Amino acid sequence: MAAATRSVRLATRLAAVPRFSAARTATLSVAQRAAFSVSARRFKSGVIGETEVPVTVYTPDSKGVASSSSDHFSIPVKGGASRSPEPAAEEDEAVTPLDEKVFQQMPRTMQKMSVMGKVIIITGGARGLGNHMARACAEAGAKAIVIFDANQELGDESAAELHQKSGLPVSFFKVDVRDGDAINAAVQNVVDLYGAPDVLVNSAGIADSNIPAETYDPAMFRRLIDINLTGSFLMSQSVGRAMMAAGKPGSIILVASMSGSIVNYPQEQSCYNASKAGVIQFGKSLAAEWAKYNIRVNCISPGYMDTALNKVPALDAQKKIWKSLTPQDRLGAVDDLNGLCVFLASDASSFMTGSNVAIDGGYTLY
Ligand SMILES: NC(=O)c1ccc[n+]([C@@H]2O[C@H](COP(=O)([O-])OP(=O)(O)OC[C@H]3O[C@@H](n4cnc5c(N)ncnc54)[C@H](O)[C@@H]3O)[C@@H](O)[C@H]2O)c1
């Protein structure tokens, strides 16, 4: 009955989509598949196993003023090679960090909703949703922001920008989330620099879309699972161990997707959906296992967001369909995860673990 109702609603909403037809979708799919496979092909031979992790650290001077210079060094790692940066750009926005004096004047409830004094690692923080969550944490009182990302150029740029705008200590570690040894070396360095992390936000991820399962290249399938799912595990394990070693309570936030709970329409993307379903179930399992260490684990499941991941001209026609299936009739803004991220990182959510929270403009209601 529920399924029948859903299909009627879906059909009704699709009928409202201008110029939509099955034939048109099929035609678009052929054209789009090539476009969507480009980034995947580009990274298909991406090597994981860096021999060193380049690090850039920005530290304010003794008066707390942002410095224009940075320290560059590398952490040795036993392992492999590197890959080229992805192009992307983020809009210019101010970042105003929470001042200690202002914090002291805030009501207790608002204080608990801050991340005052916390050390926060954000993977995929070089751009997109991760970058905006990093900015939000900087505004909400973080002691230091640490970006882990595979994109050297963009990561360095983002860290420099965040440090300049906020005046906070910000570091960038060029780390591929598939590379366990590099992650461990980098996390140990974070502990040495700032103390054990209080929060991990795992936003690094990729999407292959419009690839039918019958033609899905197994190597591409494995690569996506490795980044989205194994990467979530490797990052959580390394940061979780550092929290345990320091005897610190912690919060791990895994960016999953509504695709981990529903099947997207009309694009075929079985691997992405499976990877995110894995992230959600991994997060729940970890939450149960690590409650005894006072480490909380929660997932954020975004719907369609207006980020570089989706800013592909070939997706324009499908975006109309996505919007029409979203009650709020829009894609999420790049900073729409910020509030929940800060809340989950903060002590205000201290009894919350194992949750999977959708931020999808209502998409999963239908
Ligand atoms: N954009 C959406 O519509 C949407 C919807 C649901 C879920 N998500 C999820 O949100 C997260 C962020 O998405 P986004 O739209 O900001 O994407 P994005 O492509 O803008 O940013 C992803 C970042 O992850 C980094 N990255 C990719 N592979 C990596 C690796 N192997 N190791 C380290 N860093 C790596 C990239 O360099 C990039 O900086 C992803 O996990 C994505 O699956 C996005």
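Biologist: How far from an oxygen atom of the ligand does a polar side-chain atom of Arg127 lie?

Modeller: This is a predicted model, in which local features need pLDDT of at least 70, side-chain atom pairs count only at pLDDT 80 or more, and totals for chains, interfaces and linings use all residues. Residues are numbered from 1 along each chain as its sequence is written, and side-chain values use heavy atoms, without hydrogens and water. A polar contact is a pair of N or O atoms within 3.5 Å. For Arg127 and the ligand oxygen, the distance is 2.7 Å.

Biologist: How much of the ligand's accessible area does the protein cover?

Modeller: Accessible areas come from the Shrake-Rupley method with a 1.4 Å probe. On its own the ligand has 820 Å² of such area, and the protein covers 98%.

Biologist: Which elements give two or more residues to the shell around the ligand?

Modeller: Elements are DSSP runs numbered from the N terminus, with helices (H or I) of at least four residues and strands (E) of at least two. Those that give two or more residues to the shell are helix 5 (128-139) and helix 9 (270-290).

Biologist: Which residues have the most contacts inside the largest nonpolar core?

Modeller: Such a core joins buried Ala, Val, Leu, Ile, Met, Phe, Trp, Tyr and Cys residues through side-chain atoms within 4.5 Å, buried being under 20% relative accessible area (1.4 Å probe, protein chains only). A second, separate core of 33 residues includes Val95 and Leu129. The largest core has 47 residues, and those with the most contacts inside it are Val53, Ile121, Phe148, Phe173, Val190, Met235 and Ile252.

Notes. Polar contact = N/O pair within 3.5 Å; in protein donor to acceptor, adjacent residues only side chain to side chain. Buried < 20%, exposed > 50% of the residue type's maximum accessible area, 1.4 Å probe, protein only.
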